[in-house]
Amino acid sequence: MSVCAEAVFKDVFDRCQKPLQVFLQARGMVMHKAADSVQDCFVKLWNNCTKVERDKAKSYLFTIASRLHIDEYRKAEVRLKYRRGLSPMVVKEDGQYKLEEQEFKYKLEQTINNMTDKNRAVFLLNRFEKKTYKEIAESLDISVKAVEKRMSAALKRLYQENIFQKK
Amino acid sequence: MSIPKDILAKWAAGKLSREQQQSLSEHYDLDALQAWLDRQAGLEVETVSEDSLWKGIQEKKKELRTDKKDSPPESKNPSTNISSRKPEWLKWIVFLLPLIFLIAYFMFRSQIAMTTIKTEKAEVKTHLFADGTTIDLAPQTEIRFNENQWETERLVVLEGQATFNVAKGNPFIVQTRSGDVEVLGTQFDIWSINRDWMRVQCYEGKVSVSDPQSDHIILEAAEEVSIANGKIGGVQKMTNNKVDWKAQYRSFTTTPIKLVLLDLERFFDIRFVASGLEDEVFTGVITLENVEQAARYLSTTMAYEFKQKENTIYFTSSK
């Protein structure tokens, strides 16, 4: 079935909308701009639905997303939230626990936003979108070794900013 | 001993041998790092909801539906579009315009020359004018005025907070992004942070305060008024007819927490975080002498808990 069928198009949308949003946020677009651009990707797909096969739709979308002009004045503003169903059991009486969770989320956000664009992109795609280094290499059109270097740099920063205690 | 630049990534993906892990653990506390990563796994990147995204796509599809059959969406050829061919005289305008601006600038430069005075965080300044007017600037404040025009018109542009002691004379007007204050009396304080919010306190005489829609009211001694979201509120009596920040305390009347904290940050060399609590309102007086006292008072009044980590204080609700 071609992508032009409404049901197929919706299915592609359901599978790809979130990874695409994260992909663009990883590359430096703020949440709303990324969402807007993702909409444009799907509209492009729709307009070219006769030319794209169903199983190639995902990579088509990601190619369009990569080609989107990313604002020169982009500023990383990645915000995190707790996963539905996996959020820590917030014990109301223990204000200390709640404070620590909020602090953890805030510190992680800061660290991520302070990373270089390249490192952040790899970190988000691997740790949040669960992409393998190989998949990331293909998406970003770089070698696996380059992905590993950027990921290591991101982890190192995370370690130094949050774990390494300098006395 | 140098570590290969890709080693941490390989470790995270579980690609290291026992031996390699051992030697890496001499440089990094791998258990701590793993624990941190596990905790991170419980979080996700915030994205726009599926439903609103889908709606947006449907709307964009509708817009393009008429074009779809006529022209390929990829190519928009501007050169074939007759209406977009630029007229000849446009070229002349593009050339002359900068020239015109340059000439105008030099001709009127003396009239538009503005003096700027600025204070940084935790810094205060006072400026004395030739006519005897003084302006005391609170921290993180900027004022701009044209000294050449002072004889005919006393106009000051304000961003931040300042206390004015105006000598009698020509009309004295203060412009801020959230409203204007015209002086009919002598002593007043204006606190303006951004376009949406401003507070004016009058200590002596009268001032006329107007919001961007030109709604205005007149304040008399010991009265204050706030402009919130561009609308002027009701006049309130001040409990203490004194300039609060100079007396080492801050008084707030139904002020949103996010503005209270933004304000306190100017006076202390510290950062405040209160996620989710920003829109709650606070009324009260907070000391500027000691940051811990200030945080404690705020917490007691609002039923918060606070904790200081390095240079940041975190507030959470204890309700």
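Q: What share of the contacts in chain B with a separation of 6 or more comes from residues 24 or more positions apart?
A: This is a predicted model, in which local features need pLDDT of at least 70 and side-chain atom pairs count only at pLDDT 80 or more, while totals for chains, interfaces and linings use all residues. Residues are numbered from 1 along each chain as its sequence is written, with chains lettered from A and ligands numbered from 1 in the order in which they are written. Two residues are in contact if their C-beta atoms, placed from the backbone, lie within 7 Å. Among such contacts in chain B with a separation of 6 or more, the share from residues 24 or more positions apart is 33%.

Q: Which element of chain B gives the most to the side that touches chain A?
A: In the interface, 40 residues of chain B are in contact with 47 residues of chain A. Helices (H or I, at least four residues) and strands (E, at least two) are DSSP runs, numbered from the N terminus; those of chain B that each supply at least two residues to this side include α1 (7-12), α3 (30-40) and α4 (50-70). With nine residues, the element that gives the most is α4(B).

Q: Which residue is the bridge partner of A:L80 in β1(B)?
A: Strand β1 (residues 80-82) of chain A and β1(B) run antiparallel and are joined by three bridges, where pairing requires that DSSP finds at least two bridges between two strands. In β1(B), the partner of A:L80 is B:V45.
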